[in-house]
Amino acid sequence: MNPKYIFITGGVASSLGKGIIASSLAKLLQARGLRVTIQKFDPYINIDPGTLNPYEHGECYVTEDGAETDLDLGHYERFLGVHMSKANNVTTGKIYNTVITKEREGAYLGKTVQIVPHITDEIKRRMLLLGKTGDYDIILTEIGGTVGDMESQPFVEAVRQLQWELPEEDCMSVHLTLIPYLSAAKELKTKPTQHSVQMLQQSGVKPDVIVCRTEHPLNQELRRKIALFCNVKPGHVIQSIDAWSIYQVPLNMHEEHLDELAVRKLQIENFNEPNLTRWKQFLTRLQNPAHTVNITLVGKYVELQDAYKSIQEAFVHAGAANKCKVNLKTVQSENVNAENVDEILKDAEGILVAPGFGERGLEGKVCAVKYAREKGIPFLGICLGMQMCVVEFARNVLGWPDAASMEVNPDSGHPVICLMEEQKKTKIKGGTMRLGAYDCRLEAGSLAAKLYGKTDIRERHRHRFEFNSQYLEDFQKAGMIATGRNPESGLVEVVELPSHPFFIGTQFHPEYKSTPEHPHPLFDGLVAAALKYQENN
């Protein structure tokens, strides 16, 4: 069959959860046996989020093929269990960059380059790209921002044109809005939704389904009112009520018949009822933990919860796998020092030192590593966290007080973390790091190999600096072992302390590959080790 397209827009307010609704609908369609993917179109002018501060945009998610993308692609992968790619995240910056480059090459034959048709044509080309691969039955497209935003207008116009160009049965529009509850009046208000839909319709896009984000259930009278004034059928107004977990939302959407509305609108024949057995098993474990464990994340962006989104979700997955609830405490690394580290980390039964960039908060991370190493607390360091455990070991075990990363002290007498050779000539910051999946060979018998259950793995990276291998022999003699190396370059990917109950640092980002149905083995192992530490203490 021809690929089908579902466009998801939002109105009234941002952060309503378009990404979760898109992921949930995609999960339900996938569970019916359909081949599904999701793409995100973001209206900001950055080429990608690679140079954005996490405080600005939350986590930068990295795909298998090395794209730096919006954090919603992390939700897409976690819900679907399939890899996204560079084609799954498109920004205004990418669109304009392509069009301007073509204009400079003379591709438009002297025409005046305009938003319509040139920008919208490039948006449409990108929207249809994944459908031309033959790999998917359904492509869901999430439009970032809210309807009415100046930045989103070209994307909404592109959707309007595609609704006109594609066969009616190949295209569907879903609009997510907010139904606010006014406590003073003790009632839900539909007017913001009505205005949002009217604005969408004025742009020429008619929604087939309206999903209403709400804190209170919508009765039939309210649904009929919304349907009447928004010109959709009564059964096509559904509620997305606040859920106890984002992973409950697919089941809520199934109860609201969202997936059934989609297969009927898209005229998909011989569809199955969704098989959600494993998903429900995960939710049962998540909702009924037998234990609780306290894990502390030490990082520099902790004030914004989305800055470490994939790490937080990886702990949710690992907690469910271990039948326990992970109480994840976040600590601002700038606030940690040798005088207060005991007080700050005294309740930690596991410690994760998070990734990041720059000098701010590094000494606090070093203090946290030292505390975990000396107290025998299960420890995982990711990317910069791994680099800081190398610095800490060099200073306090090898006796090199000036040991540092060249990122913050290029004149150090012991630059135990150095700039990668291929990065030395790089001047442009965006998209030039070591990005995406690379092979890693684990040492047989190591903790990492035991956790993975194999010695050849492939993990995702996002870094410019690496372990300085000229010091490797010194580290190994003192007890810090490189148990994971890239088989081609020899780059150190994993370090361990075999004398410690659980101490592992990874140059790669394991959090990107954790899903509810396949928790990442390193997070699974850290939670299990934290439970054992709790039992022994």
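Predicted model: local features only at pLDDT ≥ 70, side-chain atom pairs only at ≥ 80, totals over all residues.

Leaving aside its neighbours within four places in sequence, which residues is Ser 446 in contact with?

A: Once you skip the neighbours within four places in sequence, Ser 446 is in contact with Thr 483 and Glu 496. You'll find Ser 446 in the loop between E18 and helix H16, which covers 447–452. Is Ser 446 buried or exposed? Buried: its relative accessibility is 5%, and the cut-off for buried is under 20%.

Asp 439 and Arg 458 bring their side chains together, 2.9 Å from N to O. Asp 439 belongs to strand E18 (residues 434–442) and Arg 458 to strand E19 (residues 456–463), so you'd count 19 residues from one to the other. Asp 439 has 34% relative accessibility, so it counts as partly exposed. Arg 458 gets that label too, at 41%.

Now for the other salt bridges.

Arg 35 and Asp 137 make another salt bridge, where the closest N and O atoms are 3.1 Å apart. Why does this pair tie together parts that are 102 residues apart in sequence? Because Arg 35 lies in the loop between H1 and strand E2 (36–42), whereas Asp 137 lies in the loop between H5 and strand E6 (138–143). The two partners get separate labels here: Arg 35 is partly exposed at 39% relative accessibility, but Asp 137 is buried, with a relative accessible area of 13%.

Salt bridges can also share partners. That's how Lys 40, Asp 42, Asp 70, Asp 72 and Glu 142 end up joined into one network.

Next, the nonpolar side of things. The largest nonpolar core has 45 residues, and the members that touch the most others are Ile 6, Leu 29, Ile 138, Leu 140 and Val 209. Helix H1 (residues 18–31) gives this core its largest share, eight residues. Zoom in on Leu 29: apart from neighbours within four places in sequence, its contacts are Ile 6, Leu 34, Val 36, Ile 138, Asp 259, Ala 262 and Val 263. There's also a second, separate core of 43 residues, and among its members are Ile 344, Tyr 371, Phe 379 and Leu 497.

Some nonpolar residues sit on the surface instead. Tyr 96, Ile 100, Ile 115 and Val 116 form a nonpolar patch there, with about 330 Å² of accessible area together. Helix H4 (92–104) and helix H5 (115–129) are the elements that each give two or more residues to the patch. Take Ile 115, which is found in helix H5: its relative accessibility is 42%, so it counts as partly exposed.

Last stop: the aromatic rings. There are 14 aromatic pairs. Tyr 61 is buried, with a relative accessible area of 0%, and Tyr 512 counts as buried at 4%.

Another pair, Phe 79 with Trp 279, is tilted: 5.4 Å centre to centre, with 45° between the planes. Phe 79 is in helix H3 (residues 72–80) and Trp 279 in helix H11 (residues 277–287), so here too distant parts of the chain are linked, 200 residues apart. Both Phe 79 and Trp 279 are buried. And to finish, Phe 393, Trp 400, Phe 467, Tyr 471 and Phe 475 form one aromatic cluster.

Definitions and conventions
Residues numbered from 1 in each chain as written. Heavy atoms only, no water. Patch = residues over 30% accessible without salt bridge, like charges linked within 9 Å, V, L, I, M, F, W, Y side chains within 5 Å. Areas by Shrake-Rupley, 256 points an atom, 1.4 Å probe, with all protein chains shown as cover. Salt bridge = Lys/Arg side-chain N within 4 Å of Asp/Glu carboxyl O. Helix = DSSP H or I, 4+ residues; strand = E, 2+ residues; numbered from the N terminus. Buried < 20%, exposed > 50% of the residue type's maximum accessible area, 1.4 Å probe, protein only. Core = buried A, V, L, I, M, F, W, Y, C linked by side-chain atoms within 4.5 Å. Contact = heavy atoms within 4.5 Å. Phe/Tyr/Trp six-rings, centres within 6.5 Å; stacked < 30°, edge-to-face > 60°.
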